[in-house]
Amino acid sequence: MTFKTNKLLNFFIYISILIIIFNFTFFVIEKSPFQYSDWLINYQGGFVRRGLPGEIFYQLYKLTSIPLDLIVFFSVSLLYIFFAINFVKFTSNIKLNLLNLLILFSPLSFIYPVMEQKVSGRKDIIFIFLVIFLTMILDKLKFEHQKYLIILLVLISAFSHTGFIVFTPIFFLLFIVSNHKNSFWKILRELIIISAFSILILLLILFNTSIDNQSIYKICEAIKDYLPACGQDDYIETVNWSLKYAIELNDKLWKKENYISFYTLAFIFANAPLVYAFYKAELNKKYSFRVYPIFIFIFINLITIPIYFVGVDYGRYMHITYLSLLILYFKAVSTKFLVVNNELGNIRKPLAVLIVFLFGFTWTIPHCCNTNFKLIYQKPLSKIINISEN
């Protein structure tokens with residue numbers, strides 16, 4: 001069973017982005033302490049983690065006098081739009097068999113911020129956009145110049161959100177997949193250079209993990225007209241938290257009983273099609289070394305584990321990891337780094353559509369602080385039942 005057109009997929013990608021932007025509109029209007037305030041963290045109180053986007057926006061505001069909230073809204077919206085355009089191009093040649101549809105429409109895929117509204121407008125879009133941007137542009141650059149772009153993207157992602165540093169090995173793997181026809185030693189030489197700069201960036205972040213209250217006051221003074229409650233139960237308040245304090249607070253306030261076991265179960269369900277795809281794939285036989293592709297999936301998920309100790313937004317972390325691995329997988333297939341033969345049998349299209357709908361459009365995973373699956377149609381159905389009973 002194979003669908004012959006990607007038009008329906010393109011429709012879902014674009015409509016998802018419109019819904020996400022629509023959701024983010026309200027977060028900007030209400031000055032949300034999480035979806036909005038994070039974008040306003042800046043360097044007016046000195047260098048601080050997560051401050052790069054906010055400093056860029058603040059400087060644009062000072063230069064142009066365009067209201068800061070409008071700059072944030074349009075900038076974030078453009079990130080989503082550019083992601084959608086590139087993702088549509090990227091998926092245009094994907095064979096839409098049942099397995100690939102299940103991969104694309106997993107609850108953790110591009111539809112996640114639609115199903116879990118509170119994820120809309122988070123800084124996650126920065127890293128996800130950088131991944132698809134790198135995927136689309138890497139082949140157009142000379143091999144010797146690619147490392148400079150990757151180092152720049154590592155810097156942008158790490159200075160936008162400290163947690164993104166654990167996801168940057170995706171950039172390394174995309175580099176390998178895109179250049180696998182080059183000699184091993186040439187690739188290794190470039191990776192050593194990229195890794196050295198990445199370690200320097202990591203050390204810079206680790207030694208500048210927090211600032212004092214006076215610095216937070218200066219940040220808030222710069223943006224007080226656009227965030228009146230600045231520093232009060234929002235992300236700006238957290239920039240003076242030490243790593244140890246963040247871990248202790250997460251364990252004390254937000255993590256509930258069975259938190260780890262619930263999100264482990266959610267991870268297994270949502271990742272099942274992608275795990276199967278990596279498991280069934282084979283490395284191109286022309287390579288003398290043998291690596292099972294499933295180890296790529298395992299490696300990326302293992303290396304992201306530290307962020308789960310520092311924060312509690314497990315659904316968001318899984319979303320970033322999943323979408324990055326999805327892009328990596330299909331890129332590896334398109335470059336013939338991986339060889340696949342993974343059709344899920346001869347299934348009629350109506351049944352295949354039902355399977356995809358039940359898997360991707362009926363449930364999702366809470367981004368944080370909950371240990372129950374979110375059933376998409378539970379609230380509207382409950383309202384309909386209550387109305388009918390009355």
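Trainee: Which backbone atom lies 3.0 Å from a polar atom of the side chain of Asn42?
Mentor: The backbone oxygen of Leu40 does. Keep in mind that this is a predicted model.

Trainee: What makes that a polar contact?
Mentor: A pair of N or O atoms has to lie within 3.5 Å, and the Leu40 oxygen lies 3.0 Å from the Asn42 side-chain atom. The backbone nitrogen of Gln44 is also in reach, 2.9 Å from a polar atom of the Asn42 side chain.

Trainee: Where is Asn42, and why is Asn42 called buried?
Mentor: Asn42 belongs to the loop between α1 (7-29) and α2 (52-64). Buried means under 20% relative accessible area; Asn42 has 0%, so the label applies.

Trainee: How do you know that Lys331 and Asp139 form a salt bridge?
Mentor: The cut-off is 4 Å between a side-chain nitrogen of Lys or Arg and a carboxyl oxygen of Asp or Glu. In Lys331 and Asp139 the closest N and O atoms are 2.6 Å apart, so the pair qualifies. Lys331 is in helix α15 (residues 314-334) and Asp139 in the loop between α6 (124-137) and α7 (146-160), so the bridge ties together parts 192 residues apart in sequence.

Trainee: What makes Lys147 and Glu190 a salt bridge?
Mentor: Their N to O distance is 2.9 Å, and the cut-off is 4 Å. Lys147 lies in helix α7 and Glu190 in helix α9 (residues 184-206), so this bridge joins parts 43 residues apart in sequence. Lys147 and Glu190 are both buried, Glu190 with a relative accessible area of 2%.

Trainee: Which salt bridge does Arg189 form?
Mentor: Arg189 pairs with Glu190, with the closest N and O atoms 3.1 Å apart. Arg189 itself counts as partly exposed, at 43% relative accessibility.

Trainee: How many salt bridges does the structure hold, and which residues are linked in a network of them?
Mentor: There are eleven salt bridges. Arg122, Asp124, Asp313 and Arg316 are linked in a network.

Trainee: Turning to the rings, how many aromatic pairs does a search of the whole structure find?
Mentor: The search finds 40 aromatic pairs. In one of them, Phe83 and Phe87 have ring centres 5.2 Å apart and planes at 15 degrees.

Trainee: Why is the pair of Phe83 and Phe87 called stacked?
Mentor: Ring centres must lie within 6.5 Å, and planes under 30 degrees apart count as stacked. At 5.2 Å and 15 degrees, Phe83 and Phe87 meet both conditions, so the pair is stacked. The two residues are four apart in helix α3 (residues 68-91), which means a separation of about one helical turn. Phe83 and Phe87 are both buried.

Trainee: Why is the pair of Tyr259 and Tyr263 called tilted?
Mentor: The ring centres are 4.9 Å apart and the planes are at 50 degrees. Stacked needs under 30 degrees and edge-to-face over 60, so 50 degrees leaves tilted. Tyr259 and Tyr263 are also four residues apart, in helix α12 (residues 259-280). Tyr259 is buried at 2% relative accessibility, and Tyr263 is buried with a relative accessible area of 3%. Ring pairs link Tyr259 and Tyr263 into a cluster with other residues, including Phe262, Trp363 and Phe373.

Trainee: What makes Arg50 a charge over the ring of Tyr235?
Mentor: The charged end of Arg50 sits over that ring, 4.6 Å from its centre, and the distance limit is 6 Å.

Note on methods: Residues numbered from 1 in each chain as written. Predicted model: local features only at pLDDT ≥ 70, side-chain atom pairs only at ≥ 80, totals over all residues. Heavy atoms only, no water. Phe/Tyr/Trp six-rings, centres within 6.5 Å; stacked < 30°, edge-to-face > 60°. Buried < 20%, exposed > 50% of the residue type's maximum accessible area, 1.4 Å probe, protein only. Lys NZ or Arg CZ within 6 Å of the ring centre and 35° of its normal. Polar contact = N/O pair within 3.5 Å; in protein donor to acceptor, adjacent residues only side chain to side chain.
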